[in-house]
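Have a look at the sequence and the 3D view before reading on.

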Amino acid sequence: MMNLLGKRLEKMFNRRYETVIIYVNQKAKRNGDGSKEWPFTTISQAAKIAVAGDEVVVAPGVYRENVDPIHGGTKDQPIVYRSEIPLGAVITGAEEVDGWEPYQGNTWKTTVKNGIFHGENPFATYVYGDWYFAGKTKHTATVYVNDEALYEAGSIEECVKGEIYPCSWDPEGSRLKWYAEVNPEETTIYGNFGGKDPRNEKVEINVRRNCFMPSKTGVSYIHVKGFELCKAATNWAPPAAFQDGMIGPHWSKGWIIEECDIHHSKCAGISLGKYYDPQNDHYFTRHHVKSPTQMERDAVCRGQYHGWTKETVGSHIIRKNRIHHCEQGGIIGRMGAVFSVIEDNHIHHINNMMELGGAEVAGIKLHAAIDVVMRRNHIHHCVMGIWTDWEAQGTRITENLLHHNQRPDYAQPLDGGMGSQDIFVEVSHGPTLIDHNILLSQESLRMATQGVAMVHNLICGSLTAVGDWTDSVVDGVLRQRYTPYHMHHRTEVMGFMTILHGDDRFYNNIFVQKWPIPEEKETPQPDHKPGNFKVGTFILDEYPTYEEWIENFDLGSDTPDMGKLASGHFSELPVWIDGNAYLNGAAPYYKEKHSFVSEEKVYVELQEIKKEESPEGSSGGVILKTNVFDVMKDFYGDGISSDTLGKAFEPEQRYENPDGTDITFDTDFFGKHRGAQVLPGPFADRASEYVIPDHPAWC
């Protein structure tokens with residue numbers, strides 16, 4: 001029988017492309033050669049030799065390592081890393097620690113030698129980076145008791161007291177604290193375990209920065225399937241610098257990450273982001289001499305000299321994962337996520353500890369989501385659901401369920417933190433398509449952008465249209481947000497323009513005033529005004545119709561009025577709004593011609609499905625209960641297609657599929673065909689209950 005080395009040599013010298021299987025088993029009696037009879041004991045050993053077409057099969061066990069794959073695959077011959085039993089193989093950046101001794105009250109202490117840390121000591125490394133607003137107060141380390149993260153205290157005294165942290169979404173859980181003292185040889189860790197004896201519990205600490213990420217760029221076509229990845233000392237992932245994550249392709253192409261359980265990253269779970277560029281690294285944080293907007297423009301332009309093309313970067317598939325309890329984001333990425341599909345993921349409890357804050361926090365936070373499709377994801381209990389920032393050109397957000405993406409009333413906002421929405425689209429020129437989603441949080445959509453189309457959504461929260469950033473002066477500073485737009489379905493920059501706002505389309509949506517509008521004194525969050533809770537398209541009343549807007553330009557004149565043209569070129573763009581239903585007090589755009597408005601009481605509620613009552617092939621899910629169709633009766637909209645939506649103004653790009661084909665909105669949230677009578681909202685048929693099962697991979 002030919003051993004693994006023989007197979008490898010034959011494959012290399014004879015250019016044979018049959019799959020070579022490399023076996024890994026952490027529980028093997030001794031380290032071997034990667035054969036089935038003599039498996040490796042670490043995944044890293046396999047990652048050093050696996051080449052295109054190979055499959056690495058990992059037996060159940062806990063693998064305390066950072067996998068750094070050396071070689072990439074090809075489109076036809078990817079390298080596959082697979083857990084032999086789904087979620088049986090755990091890759092973790094943590095180590096168990098013992099030696100705990102009583103210190104004071106519920107607080108214990110232990111000491112570890114610094115040699116345990118790989119590279120940098122996370123207990124001495126601050127979370128830090130551009131657009132991070134919480135200051136140098138928290139470290140990349142975390143202490144866990146029975147897989148629950150403890151909160152970092154600022155002193156031993158604070159650790160011993162174990163008081164509630166008022167920003168946390170879990171007040172009682174925030175009493176569990178840790179604190180550390182570091183010297184050149186060792187680190188002393190204090191833990192308030194709330195009355196538990198750590199000698200009888202599983203206590204772990206972060207020691208590695210990543211779990212599965214190549215250290216070099218260009219390691220493409222890798223498939224990671226069925227692993228649990230957890231507990232890494234990731235640092236802040238800023239948009240113009242290197243973007244850290246527990247797992248990610250690191251500026252490569254064609255990765256597939258699927259059916260994994262990804263949790264407890266200090267910052268980001270999955271990074272689809274940016275390479276390290278020393279000339280642009282932390283420029284805003286450390287140097288301050290360029291505006292942050294200029295720094296971002298630099299990053300986009302410099303990226304085109306670092307391989308940022310459709311042929312070399314992006315086109316990843318992130319599907320059927322459970323991503324949770326990460327404190328910056330579930331999925332983060334600047335530029336490296338282009339042309340990707342993010343589908344069927346369950347993303348929840350992101351940034352709930354609220355120890356970290358800044359402008360990069362969300363369940364999914366992407367810059368330059370060019371031709372990225374986000375579909376059928378279930379996103380809830382995140383400080384923000386989906387945030388697309390800059391260059392959301394050709395981006396489609398479709399068939400997602402988002403709810404409870406808002407701070408609890410009792411949780412105080414972190415200084416410098418952002419507000420909460422289901423979806424936030426910022427400083428893009430579009431086209432950004434948001435269709436067939438169920439948006440149930442208190443604020444559904446925040447738009448500091450233009451070129452957005454909302455089609456067939458159920459919207460139960462408010463809209464916020466952030467106003468004039470074209471040439472406004474704020475606190476004595478001229479605010480011009482010139483951002484790029486691109487060649488159609490490409491990364492090459494076509495031009496730059498500031499955000500004029502408008503150029504939005506709202507067709508066949510159902511708006512429900514689900515949440516009460518509080519009196520100003522009752523507003524639960526200091527950064528919200530009562531008007532922010534009003535639901536409907538009325539927020540766009542200041543924007544013109546197309547007929548009003550086009551009058552600025554004297555199209556029939558051979559000698560146009562240049563002064564009038566100059567004003568028109570920087571005026572707000574028009575909006576198209578039609579066929580929407582407004583229920584329970586939601587308010588329409590005042591020039592909408594075909595709409596349904598009712599003050600009659602309606603309800604939209606979610607009910608969790610018990611596992612024993614789950615649909616076949618599922619471990620749970622939710623039931624959406626509503627009476628909206630009882631109230632709407634025989635109100636219908638028109639069929640919508642790419643022709644209806646037209647082109648986003650600045651890039652002059654149609655609302656179409658990434659391959660350039662037209663979209664006809666003839667199927668609903670579940671993929672069911674719509675008939676000749678087109679209901680507003682995400683469903684093709686009238687019902688009082690809709691079962692939305694969990695994906696089997698989330699079991």
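## A histidine to begin with

His 348 is buried, because its relative accessible area is 5%. Here buried means under 20% relative accessible area, exposed means over 50%, and partly exposed is in between (1.4 Å probe, protein chains only). This is a predicted model, where local features need pLDDT of at least 70 and side-chain atom pairs count only at pLDDT 80 or more, while totals for chains, interfaces and linings use all residues. Residues are numbered from 1 along each chain as its sequence is written, and side-chain values use heavy atoms, with hydrogens and water left out.

Where does His 348 lie? You'll find it in strand S24, residues 346–350. Strands (E, at least two residues) and helices (H or I, at least four) are DSSP runs, numbered from the N terminus. Leaving aside residues up to four places away in sequence, His 348 touches Arg 322, Ile 323, His 324, His 325, His 380, His 381 and Cys 382. Contact here means heavy atoms within 4.5 Å.

Glu 101 has a relative accessible area of 46%, so it is partly exposed. Not counting residues up to four places away in sequence, Glu 101 touches Trp 108 and Lys 109. Glu 101 and Pro 198 sit 97 residues apart in sequence, yet their C-alpha atoms are 8.8 Å apart in space.

## The open sheet

Seven strands make up an open sheet with parallel pairing, in the order S19-S22-S25-S28-S31-S34-S37. Two strands pair if DSSP finds at least two bridges between them. At the edges are strand S19 (268–271) and strand S37 (462–465), each of which pairs on one side only. On average, neighbouring strands of this sheet are turned by 10° against each other, direction ignored. The axes behind such angles are lines fitted to C-alpha atoms (for helices over the stretch in contact), and angles run from 0 to 180 degrees between N-to-C directions.

Zoom in on one pairing: strand S31 (residues 423–426) and strand S34 (residues 443–448) run in the parallel sense and share four bridges. Phe 424 has Arg 446 in S34 as its bridge partner.

How many aromatic pairs does a search of the whole structure find? It turns up 25. In Phe 511 and Tyr 582, the ring centres are 5.1 Å apart and the planes are at 5°, so this pair is stacked. Rings of Phe, Tyr and Trp (its six-membered ring) pair if their centres lie within 6.5 Å; planes under 30 degrees apart count as stacked, over 60 as edge-to-face and the rest as tilted.

Phe 669 and Phe 683 form an edge-to-face pair, 6.0 Å centre to centre with 70° between the planes. Both Phe 669 and Phe 683 are buried. Elsewhere, ring pairs join Tyr 546, Trp 549, Phe 553, Trp 576 and Phe 649 into a cluster.

The charged end of Lys 136 sits over the ring of Tyr 128, 4.4 Å from its centre. That label applies if NZ of Lys or CZ of Arg is within 6 Å of the ring centre and within 35 degrees of the ring normal. Lys 274 lies over the face of Tyr 275, at 4.3 Å from the ring centre.

## Salt bridges

Side chains of opposite charge can pair when their charged atoms come close. The structure holds 35 salt bridges, each being a side-chain nitrogen of Lys or Arg within 4 Å of a carboxyl oxygen of Asp or Glu. Among them are these:

| Salt bridge | N to O distance |
|---|---|
| Glu 204 and Arg 64 | 3.0 Å |
| Arg 208 and Glu 95 | 3.1 Å |
| Arg 490 and Glu 311 | 2.8 Å |

Glu 204 counts as buried because its relative accessibility is 3%, whereas Arg 64 is partly exposed at 25%. A network of salt bridges links Arg 64, Glu 96, Asp 147, Lys 202, Glu 204 and Lys 231.
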